[in-house]
Amino acid sequence: MDKPLYVHRFRYHFSITKLLFWSLLFLSLIYFFFYHPPSSSDSSRRRLWGGADWEYRVLHSARPRSRAGSRVVLVTGAAGFIGTHVSAALRRRGDGVVGLDNFNDYYDTSLKRGRASLLERAGVFVVEGDINDSLLLKKLFGLVKFSHVMHLAAQAGVRYAMKNPSSYVNSNIAGFVNVLEVCKFANPQPAIIWASSSSVYGLNTKIPFSEKDRTDQPSSLYAATKKAGEEIAHTYNHIYGLSITGLRFFTVYGPWGRPDMAYFFFTRNILKRKNVVIFEGPDHSTVARDFTYIDDIVKGCLAALDTAKKSTGSGGKKRGPAQLRVFNLGNTTPEPVGKLVSTLEKLLKVKAKKIVLPMPANGDVLFTHANVSLAQRELGYKPKTDLQAGLKKFVRWYLDYYSPSGKKSAV
C-alpha cells in the first residue's frame with residue numbers, strides 16, 4: 001500500500017531541515033578553523049591584557065572569600081545583562097569570580113561599562129577581551145584553576161542576524177568552540193554551564209516547550225547557532241569528558257537589561273511619546289512571550305552550577321562518562337505583548353501611542369511557553385516574580401538610571 005502523501009512531505013521537509021542545519025554547522029566550523037582572524041596576531045587586542053598589575057587583579061578577583069565549598073568561576077559575557085547579575089550573585093555568596101567581556105557595540109557600550117563598574121565595586125574584575133582570543137583564555141587558565149565556567153557570552157538578538165550574520169557564527173559557534181577547546185586541556189577540567197536559548201524550539205507548535213521536544217526547525221539564524229551549540233556541547237562531552245549544562249532562557253527582563261528587548265524600548269518610546277509597534281500573528285492572533293524576571297534566572301543559573309558534577313577528562317583525554325544536561329528556565333506563564341504595553345502604561349503613567357502591525361518575516365516566533373518541571377525537579381527551580389512585579393522593578397531602575405540628574409542605580 002502506498003504511504004499517504006503527507007508522510008512523504010513530512011520526510012522531505014524533515015530531511016531538508018536536517019541538511020540545512022548540518023550544512024550551517026559544517027560551514028561554521030570551516031570558518032572557525034580557517035577564516036577567523038588568529039588572535040595571536042592581533043596586537044591591539046593583546047594590549048588590553050597582561051602585565052603584573054593585570055595578573056594581580058585577576059588573582060585577587062578569583063580568590064574566594066571563604067574556602068569552605070567555594071567555587072572559582074570564569075564568567076564570559078560578564079558585562080552583559082545576565083552575566084552581570086550572575087557574577088554579582090556569585091561574588092555575594094563568596095565565590096571567586098573573574099569576568100570576561102569584549103564590550104562590543106551591538107548596543108550602547110556605556111551600559112556595559114556601567115555594569116562592569118558595578119562589578120568592580122563588588123570585587124569582580126572584568127577582563128576586556130574576546131572569547132575567540134585563545135592566548136587570553138590560556139593565560140587566564142594558566143593563572144587560575146577555575147572549577148566552573150559560566151559561559152554567557154554570545155551574540156544576542158533574533159532580528160540583528162539579518163544584518164550581521166557572521167557575528168553570530170563568530171561568537172555563538174566559533175567562540176563557544178574556542179572556550180571548549182581551552183577547557184578540555186585544563187587540568188582539572190572545569191564544569192561548564194552555558195547559555196542556550198528558548199529560540200531552539202523554533203517552529204515547534206507543541207506547548208508548553210519541553211526539553212524532550214524536537215529542536216530541528218530553527219526559525220532564525222540566532223536559533224540555528226544556539227542549536228549548533230547544543231550539538232557541539234554533546235560532542236565535547238562525549239569525546240573529552242567535559243561536564244556541560246545548557247540553559248534555555250525564556251525572554252529574560254529586568255534592571256540593567258538589554259536595550260534591544262521589547263520591554264526596554266517600549267519604555268523608552270512611551271516616555272518619549274513615540275510610536276509603540278505591537279505585532280500580531282496571522283488572522284490577528286496574539287503574540288505572547290514567557291517573560292522571566294532576572295532574579296529567577298540567576299537562581300536557576302546558580303542552581304545549575306551548584307549541581308554540576310565534575311568533568312572526567314584530563315589534558316584533553318576522557319577518563320569516563322561525564323554529565324550532560326539541558327534545562328528550560330522560564331516563568332511558565334506566557335503573557336500577550338499587549339499586556340506588556342498596558343502594564344508599562346500604568347507604571348509610567350503615560351498613554352502609549354500604539355500601532356498594531358502584522359509580524360514581519362524576521363525570524364521571531366508567535367509565542368514561547370516553558371515547561372520547567374525538569375529544572376524544578378533537578379535544580380529546585382521555581383520562578384516567583386510575575387510580570388507586574390518584575391516590570392515595576394525595571395521601571396524604577398530605568399527612571400533612576402536615565403534621570404536628568406545622571407544618578408546611576410545599583411544591581
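Q: With which residues is Met150 in contact, leaving aside its neighbours within four places in sequence?
A: The model is predicted, local features need pLDDT of at least 70, side-chain atom pairs count only at pLDDT 80 or more, and totals for chains, interfaces and linings use all residues. Residues are numbered from 1 along each chain as its sequence is written, and side-chain values use heavy atoms, without hydrogens and water. Contact means heavy atoms within 4.5 Å. On this basis, the partners of Met150 are Val73, Leu74, Val75, Thr76, Val86, Ile193, Cys301 and Leu305.

Q: Which residues touch the most other members of the largest nonpolar core?
A: A nonpolar core is a set of buried Ala, Val, Leu, Ile, Met, Phe, Trp, Tyr and Cys residues joined through side-chain atoms within 4.5 Å. Of the 75 residues in the largest core, those touching the most other members are Ile82, Val86, Met150, Phe249 and Tyr263.

Q: Which helix gives the largest share of this core?
A: Helices are DSSP runs of H or I with at least four residues, strands are E runs of at least two, and both are numbered from the N terminus. The largest share is 8 residues, and these come from helix 10 (residues 294-307).

Q: Is Ser197 buried or exposed?
A: Ser197 lies in the loop between strand 5 (191-195) and helix 8 (221-240). Buried means under 20% relative accessible area, exposed over 50%, and partly exposed in between (1.4 Å probe, protein chains only). With a relative accessible area of 5%, Ser197 is therefore buried.
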